[in-house]
Amino acid sequence: MTTEQRYDTYSLGNYAKAPLTLLRGRGVRVWDERGREYIDFIQGIATNTLGHCHPYWVGQVQAQAATLTHVSNLFRNEQQGLLAEALALRAGPGRVFFCNSGAEANEGLLKLARLHGRELSGGREGVRHKVVCALNAFHGRTFGGMSATPQEKIQGGFRPMLDGFAFGEFNNLASFEALVDEQTAAVFVETIQGESGILPATMNFLQGLRRLCSERGVLLMLDEVQCGIGRTGRFYAFEHHGVTPDAIGMAKGLGGGFPIGAMWIADKYAGLFKPGSHGTTFGGTPLACSASLAVLDVIEREGLLENVQALSAELHPRLAAIAAAHPAVFSGVRGMGFHVALVAHDNAKVVAALRTNGLLTAPGGNGAVRLLPPLNLTRDEMLAALAILESTATQL
Ligand SMILES: *Cc1c(COP(=O)(O)O)cnc(C)c1O
């Protein structure tokens, strides 16, 4: 059997057939089984924050793997404390729980909402448990995540969902105001809707949600799984909006390619979780946390937030110019920093043509061709990707 046949025979058929087998990566580039080189603007879906195999990240992971890998949460470990401190330093006074994925981080948030609702109801469960989410959201594939994700392609075949979810229209504050009632424990939205095609929350919407939640004693929980960890040019995307949430879910970019998720909870609510109330075997291992600490170190040392800000100030107008020059292919550009998409009339066709021409991009909802470069992209690499975008648009 070839590698391809073996994969396609034994891996569960829950994904569309893959177009390539990838063997090797370095920085923004990857190579396939035929030795063909690609500029990778997917990066594991906004996950390889430092690109592929950043030497410092590799060194830290290797050293930690040879020192202490996993001890469970029956014991403290140094790296988990350091990482929790670093995330809280950036989010505000609070505490952090570690897990392994975005869906798990969001499960933690939904459990927080239940605990908060119980507290508000004088210790009675099930009275105040509603969570108001957004239409077109994506929060993951667990039952909690699916229940918060009102899309047929996610929920179909798996019903019944959990109850207690209501859905407002993203960026329509009035629709959320109408749904937050005396049964509501939390509002839960993505700061930038990622899978739905990179739709940022507006300033008015997020600030309005903050006000609404504070007035009604409801938690504001933000899913930063895709847009967080520097991707927008600020460490957390909500920093652009000047709001502080009560809790945050993060994952994807946090480990720079190593699986890790986290839930940050503001001090005021962190005490709702008591010993034994939540847990995981693998969360916060020394190995996963050292990978993540390496990501945060490099973001600081190499000035990557500034790099994203500087390059995206050039990237976005250039993308807009490509879209404007090819109205038969593209209708516009959306996003912030390196969390950005060209909007295409037929995004699957554009993604396939770009791949043929050596640029990997990720399709998303609402016509998005997502461009998710590593935060340490260089200007030359950006220009090489733009040249492929331009020439592909001309061919289509
Ligand atoms: C990817 C994603 C998730 C789910 O993360 P997994 O690690 O795949 O479980 C949740 N929320 C958002 C916004 C995401 O982009």
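Which residue of strand 11 is the bridge partner of Met221? In the predicted model described here, local features need pLDDT of at least 70 and side-chain atom pairs count only at pLDDT 80 or more, while totals for chains, interfaces and linings use all residues. Residues are numbered from 1 along each chain as its sequence is written, and side-chain values use heavy atoms, with hydrogens and water left out.

The bridge partner of Met221 in strand 11 is Ala247. Strand 10 (residues 219-223) and strand 11 (residues 247-250) run parallel and are joined by three bridges, where strands are DSSP runs of E with at least two residues and helices are runs of H or I with at least four, both numbered from the N terminus. These strands belong to an open sheet of seven strands with mixed pairing, in the order 4-12-11-10-7-5-6; two strands pair if DSSP finds at least two bridges between them. Strand 4 (94-99) and strand 6 (165-168) are the edge strands, each pairing on one side only, and the twist from one strand to the next averages 20 degrees.

Two helices that lie across strands of the sheet may be described by their direction relative to strand 10. Helix 5 (residues 102-120) lies across strands 4, 5, 6, 7, 10, 11 and 12 and runs at about 175 degrees to strand 10, whereas helix 9 (residues 203-216) lies across strand 7 and strand 10, running at about 145 degrees to strand 10. Angles run from 0 to 180 degrees between N-to-C directions, and axes are lines fitted to C-alpha atoms, for helices over the stretch in contact, contact meaning heavy atoms within 4.5 Å.

Helix 11 (residues 286-301) packs against helix 4 (residues 78-91) at an angle of about 40 degrees, with the axes 8 Å apart. Helix 4 and helix 11 are therefore oblique to each other, since angles under 35 degrees count as roughly parallel, over 145 as roughly antiparallel, 65 to 115 as roughly perpendicular and the rest as oblique. The contact of helix 4 with helix 11 has eight nonpolar, four polar and two charged residues, with Ala, Val, Leu, Ile, Met, Phe, Trp, Tyr, Cys and Pro counted as nonpolar, Asp, Glu, Lys and Arg as charged, and the others, Gly among them, as polar.

Helix 3 (residues 55-65) packs with helix 11 at about 155 degrees, their axes 9 Å apart, which makes helix 3 roughly antiparallel to helix 11. The residues of this contact of helix 3 with helix 11 divide into 10 nonpolar, three polar and two charged.
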